[in-house]
Structures are given as C-alpha cells and as structure tokens.
Amino acid sequence: MWDYTDKVLDHFRNPRNVGVIEAADGVGQVGSLACGDALKLMFKLDARKERIAEIKFQTFGCASAIASSSALTEMVKGMTLAQAAQVTNKDIADYLGGLPEQKMHCSVLGREALEAAIANYSTGKTDKKILEGKVICTCFGVTEEEIERVTRENKLISVDQVTNYCKAGGGCGNCRKDIEKIVERVRVQREASTASAAKPRRLTTLQKIQLIQATMDREIRPMLKKDGGDVELIDVLDNRVIISFRGMCAHCQSAEVTMKDVVQAKLREFVGEDLQVEEDKA
Amino acid sequence: MKNIYLDNNATSQVAPEVTEAMLPFFKDLWGNPSSMHYFGGQVRKYIETAREQVAALIGADPSEIVFTGCGTESDNMAIRGAAEAMGRDMQIVTTKVEHLAVLGPCRLLKEHGFDLVELGVDPSGQLNLPDLRKTLSGRPSIVSIMWANNETGVVFPIDEIAALTSNAGAILHTDAVQAAGKIPINVRKTPLNMLSIAGHKLHAPKGIGALYVRKGTRLATFMVGGHQENGRRGGTENVPYIVGLGRACELAAAHMNREMTTVAALRDRLENGLLASCPDTMVNGDRSHRLPNTSNISFQYIEGEAILYHLSDIGVAASSGSACTSGSLEPSHVIRAMGVPFTAAHGSIRFSLSRYNTMDDVDYVVAHMPEIVKRLRALSPFVK
C-alpha cells in the first residue's frame with residue numbers, strides 16, 4: 001500500500017464538495033480515461049463576482065487523485081479568482097500533509113483543472129485542455145511549457161521526478177531525452193538566479209583530476225547506471241578528459257550524445273568550462 | 001474486522017502442515033547436508049524426499065528437479081541458461097502476457113543480441129497457435145510460454161504448444177508458477193523441457209522455488225561455485241524451505257481434485273454474484289480455459305486503486321491491474337495486450353481464491369461491492 005497520510009485517506013474516504021453545479025461560472029476538465037485519471041471542476045462566484053462561493057468536483061482516479069481534488073475544493077472556497085490562480089500543486093500536496101512522490105501528478109491535475117476552470121470563466125473558452133507550445137510527451141499529451149513549469153515550481157532534478165509529477169515520459173519513454181534537456185535548462189536557470197556563480201578558483205592538476213573523478217562518481221555514474229551503463233575516467237591531459245564507457249553505454253548508439261550532453265555538460269558545470277571530453281579509442 | 005484474503009495469486013497463506021514440517025529443521029536438524037558426519041548427513045534424505053514430492057506433483061523424475069530461491073530465479077535459470085548453452089543462432093520466443101520474471105530475461109537477451117519475438121494475444125487472452133507455428137518454422141528457437149496467466153488465470157493450450165515446439169525441435173520452458181498445484185500437470189505427457197514452480201503460490205513460504213529440467217536439456221549453470229543440485233545450482237541447500245515446498249506439493253496433489261471443484265464453485269459464485277449486482281462490469285480473459293481460483297473483473301468508469309482501498313477498509317484483500325497499482329503510469333501489460341478498453345482497464349480487479357476461502361467470504365464481498373462501486377461512480381465524471 002502507499003504511504004498515504006491520514007489526511008489523504010480522510011479526503012479519499014469522505015470527499016468534500018462532490019458533484020455538479022448547474023449553471024457554473026467556470027468549468028475545467030483535465031485528464032482522460034486513457035491517462036488513468038481525470039478531473040472535472042466547477043465553481044460559482046458570489047453575487048459580486050469576486051470570490052468562489054461554491055465549488056464542486058468529479059474525479060476518476062486513484063485514492064490520491066480523489067483526495068487531491070477534494071482538498072483543492074476546500075482550499076479555494078472563499079478565495080478571489082486572483083488568489084485561487086496562485087495555488088500551486090505543492091500547496092495542494094502540503095495541505096494533505098504530503099503525497100508519495102509517484103503520486104505528485106495528482107496534485108498537478110488539481111492545479112491544472114483549477115486553471116482551466118478560471119480560464120473558462122474569463123475567456124468563455126471550453127477547450128478541455130489548451131495545448132500551448134510543443135507537445136513533448138505524446139503518450140500523455142504533456143507540453144514543454146507544462147514540463148518546465150512543474151520542474152521549476154517543484155525544483156525537480158531528474159526525468160523520473162518529472163514523470164511522477166506530470167506523467168511525461170511514463171509511457172513509451174521516447175521523450176525522456178527531451179525531458180532531460182528541459183530539466184537541465186531549468187536547473188541552470190535556477191542556479192544562475194540563486195547564487196551569482198562564484199568564480200572558480202584556480203585548481204592544481206591534482207585537484208582538477210580529483211574534482212573530475214568526484215563529479216563523475218557523484219553526478220554522472222549514478223545516472224548512467226540507472227540505464228545499465230557506466231563510465232570510467234581514463235586520463236586527463238590539460239583540458240582533455242579521456243573516458244571509456246562501460247556496460248550498456250559501451251554498445252549504445254547514443255553514447256556520443258551521452259558523452260556531450262551528460263558527461264561533458266556535468267564536468268563543465270562542476271569543474272571547468274574549458275573541458276573537452278573524448279572517448280578512449282585505444 | 002473481517003479478514004478475507006482473495007489475493008492468492010500474489011502470495012498464499014503458508015499451510016499449517018507445511019510450517020509443522022519445517023520446524024524441526026530450525027530446531028534440531030540444522031546440519032549441512034553435504035557434511036561428512038552423521039549430524040549433517042541425516043538431513044540429506046529429507047531433501048531427497050522433498051524432491052520426490054515435487055516431482056510427483058508434475059509427473060517428473062526426482063533427478064529432474066532443481067531447487068531454487070524463487071520462481072523468478074527458476075525463470076532466469078531456464079531462459080538465460082538455455083540461451084547461454086545454445087548460443088545466438090537461437091531466437092527467443094515468448095508472449096506479451098508473460099510475468100516480468102520471463103519478459104525481463106527475454107528482453108535482456110535481446111539487448112545481448114538475440115532476436116526476440118513476443119507473440120500477442122486475442123481479446124480473451126488466448127494465443128494464436130498458427131502464429132506460433134509460423135514463428136517456429138523460421139529458426140531454431142528457445143520458447144518460454146506460461147502455463148497459466150497470473151492476472152487473468154487464462155490457461156494456455158500447453159499440450160498443443162509443446163507438440164508444436166517439439167515438432168520444430170525447439171526448447172520449451174513454461175512458467176507454471178500459477179498453474180502448479182492448482183491444475184494437473186504431467187510432464188510425461190507434455191513434451192516440454194523446463195517448468196518453473198514458486199513455493200509461495202501453493203502454500204509454501206516465500207524464498208523457495210524449483211525448476212524442472214527434462215533429462216537431456218542443455219542448460220548452462222546459472223549459479224556456479226558449488227556442487228549442490230548436481231552442480232546445476234551451487235549454494236548450501238535451504239533445507240527447511242525445501243522440506244516445506246515438498247510438503248506443500250504433496251498437499252496440493254492430495255487436495256487438487258477436490259479444490260478444482262470447490263474453489264472453482266466459490267470463484268463462480270463470486271464472479272456471477274458481482275456481475276449480477278454491479279452494472280457495467282465484465283470478466284477479463286477466456287472463462288472456459290481458466291484456473292479454478294482466479295477471476296479478473298473490470299468495473300467500468302472507476303479506478304482500481306480506489307476500489308482496493310475501499311475493499312481494504314472492509315477487510316477484503318484483492319489486487320488490480322490499474323496504472324496506479326502496477327507501479328507504472330499505464331495499466332497492466334496483460335490487460336493492455338488483450339486490448340481491454342481504457343474505460344475498463346483501469347478498473348480491473350483480480351480476485352484469487354484458495355482452499356482457505358469460504359462461502360461466507362464470497363457472499364460478504366458480493367454483498368458489499370455494489371456500495372463501493374456506487375460510491376466511486378458517484379464521483380466519476382464519466383458516468384452519465
């Protein structure tokens with residue numbers, strides 16, 4: 001069984017605000033039967049058209065999808081639309097005392113339905129889901145913008161996490177490389193905005209080699225090992241880093257890409273911008 | 001609270017007779033069967049008795065039984081061991097509805113350069129035998145096809161499959177983890193090469209399995225470094241569990257005829273009761289070729305995990321092929337391979353019974369299920 005909090009189980013067993021509102025001011029529907037969870041959210045504003053007076057939902061999904069929907073309705077009841085628009089998936093998860101990592105997409109579904117309902121009220125559009133920008137994950141219909149957003153709002157650092165939060169990459173897996181690039185881009189932006197990157201101090205040759213080895217052990221090898229591969233440091237000649245792939249990477253056709261996008265990118269980030277990574281051809 | 005266990009295809013209660021048979025091997029008879037003294041040596045004969053008991057359940061010669069750590073190990077030993085012994089000229093042939101313990105090794109071999117064919121199934125979960133015949137005609141093959149499916153209970157026509165493979169000169173392994181102890185198996189009549197058994201599916205504990213290896217089957221040693229099991233599986237024997245598996249097989253053989261009717265009657269009462277009391281439900285899998293204990297039912301428009309939690313709240317344990325419970329984001333590969341529509345795939349529930357279930361158990365579920373289904377459908381945006 002999942003490690004659900006008591007609050008999740010309470011909202012699952014006794015969901016609040018279930019049902020339909022006739023003549024609702026805003027209606028948002030996200031997800032689908034194919035995806036395994038779907039949420040329809042409806043709200044009615046007060047007489048002055050300012051605050052959410054009534055809100056109801058219908059959910060097809062697992063215990064945490066039902067609990068997330070129920071929690072969301074309790075949270076935003078009485079809020080102005082501007083306040084409601086600020087609610088993030090993390091707020092929903094926090095309200096429930098947390099969700100298992102693999103279930104975070106349930107909270108994202110809630111936030112998306114709320115946004116769709118607000119958009120429906122302000123624009124009158126009833127599109128079930130407005131796909132803005134490029135669709136990255138075709139299995140679950142997730143766009144680049146959505147992936148960027150969950151990555152940014154939840155400070156995600158891996159493709160698996162993105163899958164847990166918005167399902168992208170959880171079907172055929174063909175888009176995992178693309179997701180990896182988005183995660184990397186957001187991470188770089190995040191780090192650039194937090195710490196005005198301290199100038200790297202000058203390293204001795206020994207320090208440089210040690211740092212390269214440490215970076216490989218900490219940042220690179222665990223990632224490759226997840227796919228059954230590995231990499232070994234062979235030599236360091238000035239700014240040239242000679243490596244050799246092991247395991248699945250050794251006969252992987254995209255090893256070249258891995259070398260540039262993963263190994264070189266990580267080493268440049270953690271050790272020095274001028275490093276060139278080469279595969280040992282001996 | 002009630003405690004109704006209907007998840008026996010996941011794991012089963014250890015039979016009290018099995019526990020009792022095992023206890024002496026934790027207390028007094030803890031010697032190493034390989035030792036050159038009376039203390040260890042006296043243990044050996046119990047292993048050989050267990051080997052006879054396992055062999056008797058499936059009509060094998062005791063020398064053809066290798067004890068392993070679990071069903072997954074048996075499957076790996078058979079598939080990878082045959083591939084290593086036979087080489088890459090062989091193609092690997094399996095089905096899309098196998099347990100991951102079979103699909104895993106097959107797909108690993110594909111990564112290692114073997115050609116792999118995964119045969120599909122029809123909406124009832126049955127194989128198309130002409131497809132298999134055609135696949136076998138091309139190349140020498142190592143075939144791994146399950147006897148009975150763990151999720152739907154669908155039983156494959158293994159006699160016909162074995163006739164095809166033996167005519168084609170192929171090696172046939174079958175994962176009989178769900179079938180063994182539930183329906184008759186006789187390897188003297190079915191010309192297959194290897195067959196996997198897992199103890200905990202037939203009322204022995206977890207941590208013990210067996211692989212039947214027909215005499216003359218070429219198989220590379222999987223676990224090297226010990227002379228045990230005739231050199232086929234090194235490692236000091238897990239004596240208490242081997243004894244337990246032997247006793248469990250003996251019990252299964254003794255109970256089988258009766259259980260095939262009594263357990264099937266309970267299963268049918270449950271299944272027909274649920275179909276009658278809950279609208280928009282359907283049975284997944286070929287009902288006329290099925291294990292006597294398994295029923296896989298889809299409750300349309302609602303999701304499996306939510307159903308399981310409500311069942312658990314009233315003391316009923318079952319399992320689901322929904323995405324949320326399969327540990328991935330998509331419904332079970334078995335349900336998908338059968339082409340079950342999404343409206344039903346996410347709401348599939350597997351009930352798997354055993355000799356320990358009663359009519360009261362079944363009637364309790366039939367009585368309470370409509371309320372659970374009604375509650376969840378009241379939440380569902382897909383119910384009009």
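Predicted model: local features only at pLDDT ≥ 70, side-chain atom pairs only at ≥ 80, totals over all residues.

Colleague: Fine. How many helices and strands does chain A have?
Modeller: Ten helices and eight strands in chain A. Its C-alpha atoms fill a box of roughly 75 × 35 × 35 Å along the principal axes.

Colleague: And what percentage of chain A counts as buried?
Modeller: 39% of its 282 residues. Buried means 20 or more other C-beta atoms within 10 Å of the residue's own; exposed means 12 or fewer, and partly exposed is in between, with C-beta atoms placed from the backbone.

Colleague: Which elements of chain B touch chain A?
Modeller: First the count: 20 residues of chain B are in contact with 19 of chain A. Contact means C-beta atoms, placed from the backbone, within 7 Å. On the chain B side, helices H9 (304-313), H10 (323-326), H12 (342-345) and H13 (359-379) each give two or more residues. H9(B) has the largest share, with three residues.

Colleague: What classes of residue are on that side?
Modeller: Twelve nonpolar, five polar and three charged on the side of chain B that touches chain A. Ala, Val, Leu, Ile, Met, Phe, Trp, Tyr, Cys and Pro count as nonpolar, Asp, Glu, Lys and Arg as charged, and the others, Gly among them, as polar.

Colleague: Switching to cores. Which residues touch the most other members of the largest one?
Modeller: A:Ala63, A:Ala117, A:Ile147, A:Val162, A:Ala168 and B:Ile307, in a nonpolar core of 86 residues. Such a core is a set of buried Ala, Val, Leu, Ile, Met, Phe, Trp, Tyr and Cys residues joined through C-beta atoms within 7 Å. Helix H5 (residues 104-123) of chain A gives the largest share, ten residues.

Colleague: What does A:Ala63 touch?
Modeller: Leaving out residues up to four places away in sequence, A:Tyr4, A:Val8, A:Phe12, B:Glu305, B:Ala306 and B:Tyr309.

Colleague: At what angle do H1(A) and H2(A) pack?
Modeller: About 85°, with the axes of H1 (residues 6-13) and H2 (residues 63-76) of chain A 8 Å apart. Axes are lines fitted to C-alpha atoms, for helices over the stretch in contact, and angles run from 0 to 180 degrees between N-to-C directions. That makes H1(A) roughly perpendicular to H2(A). The cut-offs: under 35 degrees is roughly parallel, over 145 roughly antiparallel, 65 to 115 roughly perpendicular, and the rest oblique.

Colleague: Which residues of H1(A) meet H2(A)?
Modeller: A:Val8, A:His11 and A:Phe12. Their partners in H2(A) include A:Ala63, A:Ile66 and A:Ala67. By class, that contact has six nonpolar, three polar and no charged residues.

Colleague: Now the sheet in chain A. What is the strand order?
Modeller: S1-S2-S3, an open sheet of three strands with antiparallel pairing. Two strands pair if DSSP finds at least two bridges between them. Strands S1 (26-32) and S3 (52-60) of chain A are at the edges with a single partner strand each, so one side of each is left without a neighbour in the sheet. The twist averages 10° from one strand to the next.

Colleague: How many bridges pair S2(A) and S3(A)?
Modeller: Eight, with S2(A) covering residues 37-45. A:Leu39 has A:Thr59 in S3(A) as bridge partner. H2(A) packs on the sheet, touching S2 and S3 of chain A, with its direction at about 175° to that of S3(A). H5(A) packs on the sheet too, touching S1 and S2 of chain A, at about 145° to S1(A).

Colleague: Over to chain B. How many residues of S6(B) are buried?
Modeller: Five of the five in S6 (residues 171-175), so the strand is largely enclosed by the rest of the structure. B:Ile171, B:His173 and B:Asp175 point one way, B:Leu172 and B:Thr174 the other. S5 (residues 141-144) of chain B runs parallel to S6(B), joined by three bridges.

Colleague: Last one. Where is B:Gly181?
Modeller: In the loop between S6 and S7 (194-198) of chain B. B:Gly181 counts as buried, with 27 C-beta neighbours inside 10 Å.

Methods. Residues numbered from 1 in each chain as written. Chains lettered and ligands numbered in written order. Contact = placed C-beta atoms within 7 Å. Helix = DSSP H or I, 4+ residues; strand = E, 2+ residues; numbered from the N terminus.
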